[in-house]
Amino acid sequence: MSDHGHGHSHGHSRDVDEGDPNGPRRTGKLHYHEEEVRALEAYPLIHKAPHLDLYADSDRKHPGRDVDLPLRTVQLHIGKLEPGQATNLHKHHNEAAIYIIEGSGHSEIQGERVPWEKGDFIYIPTMQWHTHVNSGSESVLYMGITNKRMLDWLGLDRKVEAGRHVPMEDVQKEIAAKRYSPYSHYSIDPKTGVRFGPEGFITHGD
Ligand SMILES: [Fe+2]
């Protein structure tokens, strides 16, 4: 401690310290008790028909947009790909699930071709290079579900575009090398239950 002496010489902390002597700051507890929990004010509670209000930008050449809901951990977006259109090859720290609302096509995820059609869910693992391609004959409409907002709170939301942030040649090498982290595996199998890590690593299940 410095020799300021009087304990409450720090202007701002004075208000906090002299509040409820049993308050959370005073007792140093990490979690709020049920009687301290309040409803969070958040708006809007509905975003009507975002698929009717899509736009392209210089980053993303095909129409899409975020769903404007005050979700704090999950980010939803909706996008459209016309026949022959593809998303830029990229990778990011967030994980993503893509739900196909209309149309058919395929994704290339770290070099693996994954065909999909209306009604399918696709998984995009953390930091794997991927692109989604409308290789069908009708428009593709999809919904993306990511944990971007949670990562953004933590300052960890990062996206890398092939050919822009990493030279195409290096991207191809990364895809060929794969180099999966043993800590990045997660699988759900009816026989083995939930598994983290490669086969035989850590298993949770019946
Ligand atoms: Fe992505």
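**Exercise 1. The surroundings of A97**

Determine which residues A97 is in contact with, leaving aside its neighbours within four places in sequence, and decide whether A97 counts as buried, partly exposed or exposed.

*Solution.* 

Step 1. In this predicted model, A97 is in contact with F121, I122, Y123 and I145, once neighbours within four places in sequence are set aside.

Step 2. A97 belongs to strand β4. Its bridge partner in β9 is I145.

Step 3. Sequence and space may now be set side by side. A97 and I145 are 48 residues apart in sequence, and their C-alpha atoms are 5.2 Å apart in space.

Step 4. A residue is buried if 20 or more other C-beta atoms lie within 10 Å of its own, and exposed if 12 or fewer do. A97 has 13 C-beta neighbours inside 10 Å and therefore counts as partly exposed.

**Exercise 2. The sheet around β9**

State the order of the strands in the open sheet of five strands, and explain why one side of β1 and of β7 is left without a neighbour in the sheet.

*Solution.* 

Step 1. The order is β1-β2-β9-β4-β7, and the pairing is antiparallel.

Step 2. β1 and β7 (121-124) stand at the edges; each has a single partner strand, so one side of each lacks a neighbour in the sheet.

Step 3. On average, neighbouring strands of this sheet are turned by 20° against each other, direction ignored.

Step 4. The pairings of β9 can be described in turn. Strand β4 (residues 96-102) is joined to β9 (residues 140-146) by six bridges, while strand β2 (residues 75-81) is joined to β9 by seven bridges.

Step 5. Y142 illustrates both pairings. G79 has Y142 as its bridge partner in β9, and I100 stands opposite Y142.

**Exercise 3. Covered residues and the nonpolar core**

Identify the residues on the covered and uncovered faces of β9, and list the residues of the largest nonpolar core.

*Solution.* 

Step 1. The covered face of β9 consists of V140, Y142, G144 and T146, whereas L141, M143 and I145 make up the uncovered face.

Step 2. The largest nonpolar core has five residues, namely L81, I98, I124, V140 and Y142. In soluble globular proteins, nonpolar side chains tend to be buried together.

Step 3. Not counting residues up to four places away in sequence, I124 touches E95, A96, I98, I109 and H130.

Step 4. The chain as a whole gives the context. Of its 206 residues, 13% count as buried.

**Exercise 4. The whole chain and its confidence**

How many helices and strands does the chain have, and what is the average pLDDT of the chain?

*Solution.* 

Step 1. The chain has four helices and 13 strands.

Step 2. Among contacts between residues at least 6 apart in sequence, 58% join residues at least 24 apart.

Step 3. The average pLDDT of the chain is 85, and 82% of the residues score at least 70. Over residues 1-16 the pLDDT is below 50, and this stretch has four contacts in the model beyond near neighbours in sequence.

Note on methods. Residues numbered from 1 in each chain as written. Predicted model: local features only at pLDDT ≥ 70, side-chain atom pairs only at ≥ 80, totals over all residues. Helix = DSSP H or I, 4+ residues; strand = E, 2+ residues; numbered from the N terminus. Contact = placed C-beta atoms within 7 Å. pLDDT = per-residue confidence, 0-100. Pairing = 2+ DSSP bridges. Axes fitted to C-alpha atoms, helices over the stretch in contact; angles between N-to-C directions. Core = buried A, V, L, I, M, F, W, Y, C linked by C-beta atoms within 7 Å.
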